[in-house]
Amino acid sequence: PLIVGQNDSNESPLSYGQQALWFLHQLLPEEISFNVAGAVRILGDLDTLALERAFNQLTARHESLRSTFHVLNGEPIQQAHDSMKGIFQIIDASNLNDSDLREQLAIEAHLPFDLENNSAVRALLFKRNNEYILLLAMDHIVTDFRSMTVLAREVLASYEANKNVKEISLPSLTARYSDYVRWQR
């Protein structure tokens with residue numbers, strides 16, 4: 001597993017929407033329609049260390065991105081971990097032609113997530129000569145399309161700050177997702 005450090009106090013109930021998705025995952029564990037994915041082509045220079053730091057900062061900022069999902073006392077719960085390894089990976093795609101690269105991107109975008117043992121997020125950077133393709137795949141249990149837009153904006157801001165060795169200027173979060181879920185209940 002990719003889990004680093006567990007703290008039982010970071011357990012929270014699921015939102016009603018997450019409960020529905022979790023139930024569907026139990027019925028159809030290999031179903032790929034829960035995946036939300038997008039890819040972007042980056043031409044030219046890219047500071048891969050700055051990008052990796054940006055994803056680490058993103059997961060540190062949003063507990064759902066470093067959570068796993070379990071059953072406790074008969075109820076599904078979300079367990080936020082201190083951190084998760086392996087969310088961001090660089091893949092050498094220099095030997096892939098365009099067709100093979102598209103196929104690999106499709107395969108990675110549609111791999112089901114193991115919600116109990118690993119993160120529900122994959123950020124894969126395919127590197128080919130002077131070109132990069134960043135694939136971000138997430139399970140719908142931790143994101144929606146609106147959230148993906150926010151996350152993309154935050155990654156870009158963090159990347160720019162890391163690349164230029166500046167302070168990151170993201171607005172502080174007024175609440176965590178688990179706070180919202182507790183309020184909803």
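1. In what order do the elements of the chain run from the N terminus on? In this predicted model, the order is β-β-α-β-α-β-β-β-β-α-β-β-α-α. The chain holds 5 helices and 9 strands.

2. The C-alpha trace spans about 50 × 40 × 30 Å along its principal axes. Among contacts with a separation of 6 or more, 73% come from residues 24 or more positions apart.

3. Of the 185 residues, 39% count as buried. The chain exposes about 10400 Å², and carbon and sulfur atoms supply 52% of that area.

4. Regarding charge, the chain carries 16 positive and 24 negative charges, whose mean positions are 7 Å apart. Side chains of opposite charge can pair when their charged atoms come close. The count of salt bridges comes to 4.

5. One of these salt bridges joins Arg-41 and Glu-131, at 2.0 Å from N to O. Arg-41 lies in strand 3 (residues 35-43) and Glu-131 in strand 9 (residues 131-139), 90 residues apart. Glu-131 also forms a salt bridge with Arg-128, with the closest N and O atoms 2.8 Å apart. Arg-128, at a relative accessible area of 10%, is buried. Through shared partners, salt bridges join Arg-41, Asp-98, Arg-128 and Glu-131 into one network. Glu-131 is likewise buried, at 11%.

6. A further salt bridge pairs Glu-154 with Arg-61, the closest N and O atoms being 3.0 Å apart. This pair links helix 4 (residues 145-163), which holds Glu-154, to helix 2 (residues 48-61), which holds Arg-61; the two residues are 93 residues apart. Glu-154 is buried, with a relative accessible area of 9%.

Notes
Residues are numbered from 1 along each chain as its sequence is written. This is a predicted model: local features need pLDDT of at least 70, side-chain atom pairs count only at pLDDT 80 or more; totals for chains, interfaces and linings use all residues. Side-chain values use heavy atoms; hydrogens and water are left out. Helices (H or I, at least four residues) and strands (E, at least two) are DSSP runs, numbered from the N terminus. Buried means under 20% relative accessible area, exposed over 50%, partly exposed in between (1.4 Å probe, protein chains only). Contact means heavy atoms within 4.5 Å. Accessible areas come from the Shrake-Rupley method with a 1.4 Å probe; for residues, only the protein chains shown count as cover. Lys and Arg count as positive and Asp and Glu as negative; His and the chain ends are not counted. The place of a charge is taken as NZ of Lys, CZ of Arg, CG of Asp or CD of Glu. A salt bridge is a side-chain nitrogen of Lys or Arg within 4 Å of a carboxyl oxygen of Asp or Glu.
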